[in-house]
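Visitor: I have a structure open and a few questions about it. Can we go through them one at a time?
Guide: Go ahead.

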Amino acid sequence: MEQYDDNDSFDTDLDDEQAEEREKFIPPRLTFNEKLSAHRTNRSNQSFGQINLPLEYQSELITETLVPLRCKIPTENARVHIYENSCKTLDITVDWQIRGFLPYDTINITDRSFSFNDFRAFATAIESNLESLTLHSVNLTSPSLCVLCQALIKCVRLTLLDLSNNKIGRRGFEALVTIIDKLPSLLYLSLANCDIQDSYGLKIGDLCRHQRLIEVNLTGNKLEENACIFIGSALTDNTSLSYLNLSYNSIRSFASIALFRGIEVNQCLTELDISWSGLNYDGSVALRRVLTVNKVLQRLNVSNCNIEWTSAKLLSEGLAKNATLQNLNLAYNPITTHGAQYIIQAVDNHTSAVNMLDLSGITVYSSTVRLAETIAKRKEFVLKYDCEIPVHDILGRQTATKNDSMRTVIQHIDERNWRILEYFRMLNKSNKSELNKEDVTLNIIKSGVKLENDEIENLHQRLTQRSEEPLTYKNLNSMITQQRMRDRSLKARQEKQEKDMKKRNQKILQTVSQHFPSIEVISKQQKRQDAIEQLAKPRATSAKK
C-alpha cells in the first residue's frame, strides 16, 4: 500500500479553477512602460495619473460602471470589504476617510480630491441603508457622477444629497435628474457651485418640478433667462418645494420676471433666496405682483439686488397688501432714506406680518427709526440698519407741488359750495363795485381760510400786483378762472403719468406671457374697475346734420 507523507499536497480540479480565476483577475505590478502608458491615458481622461492599470485592463475598468465583484463578501462590515476589494481590483490605495465612513448611514466628505476610480470603488460599496450623503468639493466630475448615480438608485432611504462645489457637467447633471425620480425618500438636494449652465434649462425645470423635494439649493451657478423660464413654469404646479435658493446666479430683469410669474401662483414655497441678482425696476414690478397675490411666502431675501428707491416704492405697495411675509432682507440695496421710509410705512399696517426687516448697509432717516420703534411697541418687530441721519438723501427726493395760496382759497370756497362772486361780495362791506386792495387779504383770512405767513404774503402780492388797475369782481373772477385751469392741467398731467406708468408695468409683466398663458396679468377685480371707469366717461357723439 502506498504511503503518503503529511507534507505532501493534493491538487484537485476545483483548486486549479480557483487558482486560474484568481491569477486572471489580479492585475500584475506595472512596468515603467505600462505606467507611462497609463499616465498618458489618465491625462486624456482627466484622471491625472490615478488609473494605474496596464492597457489590457483599461478597456474593462475605465468604463462608467460599478466594479464587478468576483469573490464572496463576508456579511459583517460588508461595505468595507466591498470597498477594499474594489480598490484592489482597480489597483488604487484605500482611502482612510471613505473606509471610516462606510459603516455608517451618514457620509460627509469635504475638501478632498478623488479620482474616477476612487468614486467607482466608493459607489460599488454603497448600500440601500444610506440616509445622508455629502460630497462637498471632492472633484466630482461628469463620469464620476454617472457611476455614482448607478449606486444611488438602490438608496431608497436617502433623504439628503449634497454635491456642492463640484463641476458635474451636463451629462452628470442629466444623469442625476433622471435618478432623482427613483429616490422615494429624497427631500433635500444641494447643487451649489456646480457650474450648472443656463442651457440645462429643461432638466433644471424637471428638477424643480419634483413632487417630493422640500429644499433645493442652486446657488452659485450660471442660471439665466432660459433656466428661470423652466423654473417658473415648474413652480406653477409644484406642491412640495418649500425652500429655493437661487442666489449668486446671473438672474436679471427678464429672468427675474419669468421666475416671479411662476411664484405668483405657487402654493407651497415659503422661503426664497434670490440675493446677488440684478432685479432692477423690471424685476421689482414682478416682485410687487408676487407680494400682492402670493399668500404663502414667508421669508424673502433680495439683498444686493440693485433695488433703487423707485423700486422700493413699488415693493412698499405690494407689502401694504401682504399679510403673510414675516422676514424681508433688503440689505445693501441703493434704496436711499426715502426707499427705507416707504418700506417702513408699508410695514406700519395692522395686517402686515413682517417681524424682521434687514436694511443692513443702508442709512435710515430719523423719523423712519422712530416709526420702527412705534411698530415694535405694538408687535414683535426688529429693524436692522446701518446708521441714522437727521436729513433725507437728495437722491430720491420728490418734487412736491407747492401749496398755492389762491388754490387754498378756491378749495375753501368749493368745500362750502359757495359761488365766487357771492363770496367776495360777502367780504365787501362797502357794497361797491371795487374792492379795497389793502383790506381784501385780511377779510379772506377772517373768513376762515387757513394760510401760512408766506402764503398770506403771496396772496397779497397776487391781488395787488396790478397797482394801476382797480380790483373789481371781474378781475377776481378772471384770476380764479386761470387758477382753476392751471390746476386742471396739472391734474391731467399727473393722471396721464400714472396711466402711462401703469401701462408700462403691465407691458413688463406681459414680456413672459407666452410662457405663462394661464396666468393673467390683470386681475378680475382690476378688469371690473377699468370697465366701470370706461363706462363712466362721457361718450363723444357727432352732431346731427
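Visitor: Is Tyr248 buried, partly exposed or exposed?
Guide: This is a predicted model. Tyr248 has a relative accessibility of 48%. Exposed would need over 50%, so Tyr248 counts as partly exposed.

Visitor: Where does Tyr248 lie?
Guide: In the loop between β6 (243-245) and α11 (253-264).

Visitor: What about the phi of Tyr248?
Guide: Tyr248 has a positive phi of about 55°, although it is not a glycine. Most residues other than glycine have a negative phi.

Visitor: And what is the phi of Asn165?
Guide: Asn165 is not a glycine either, and its phi is positive, about 60°. Asn165 sits in the loop between β3 and α8. With 34% relative accessibility, Asn165 counts as partly exposed.

Visitor: Which strand is β3 joined to by three bridges?
Guide: Strand β3 (residues 160-162) is joined that way to strand β4 (residues 188-190), and the two run parallel. Leu161 has Leu189 in β4 as its bridge partner.

Visitor: What is the strand order in the sheet?
Guide: The sheet is open and has 11 strands, ordered β1-β2-β3-β4-β5-β6-β7-β8-β9-β10-β11, with parallel pairing. The edges are β1 (106-110) and β11 (382-389); each has a single partner strand, so one side of each has no neighbour in the sheet. From one strand to the next, the twist averages 5°.

Visitor: Which helix lies across β10 and β11?
Guide: Helix α14 (residues 336-347), which runs at about 145° to β10 (356-365).

Visitor: Switching to helix packing. At what angle do α7 and α8 pack?
Guide: Helix α7 (residues 142-152) and helix α8 (residues 169-180) pack at about 15°, and their axes are 7 Å apart. Angles under 35 degrees count as roughly parallel, and α7 and α8 are therefore roughly parallel to each other. Their crossing is left-handed.

Visitor: Which residues make the contact?
Guide: On α7, Ser142, Pro143, Leu145, Cys146, Cys149 and Leu152. On α8, Gly169, Arg171, Gly172, Phe173, Ala175, Leu176 and Ile179.

Visitor: Last one, α17. Which of its residues are buried?
Guide: In helix α17 (residues 420-427), the buried residues are Ile420, Tyr423, Phe424 and Leu427. They cover an arc of only 90° around the axis, so they are on the same side of α17.

Visitor: Why would that spacing point one way?
Guide: An α-helix has 3.6 residues a turn, so residues three or four places apart point the same way.

Visitor: What covers the buried residues of α17?
Guide: The cover includes α16 (405-415), β12 (434-435), α18 (437-446) and α20 (473-510).

Conventions: Residues are numbered from 1 along each chain as its sequence is written. This is a predicted model: local features need pLDDT of at least 70, side-chain atom pairs count only at pLDDT 80 or more; totals for chains, interfaces and linings use all residues. Side-chain values use heavy atoms; hydrogens and water are left out. Buried means under 20% relative accessible area, exposed over 50%, partly exposed in between (1.4 Å probe, protein chains only). Helices (H or I, at least four residues) and strands (E, at least two) are DSSP runs, numbered from the N terminus. The arc is that of the directions from the helix axis to the C-beta atoms. Contact means heavy atoms within 4.5 Å. Two strands pair if DSSP finds at least two bridges between them. Axes are lines fitted to C-alpha atoms, for helices over the stretch in contact, and angles run from 0 to 180 degrees between N-to-C directions. Angles under 35 degrees count as roughly parallel, over 145 as roughly antiparallel, 65 to 115 as roughly perpendicular and the rest as oblique. A crossing is left-handed if the near helix is turned anticlockwise from the far one by less than a right angle, and right-handed if clockwise.
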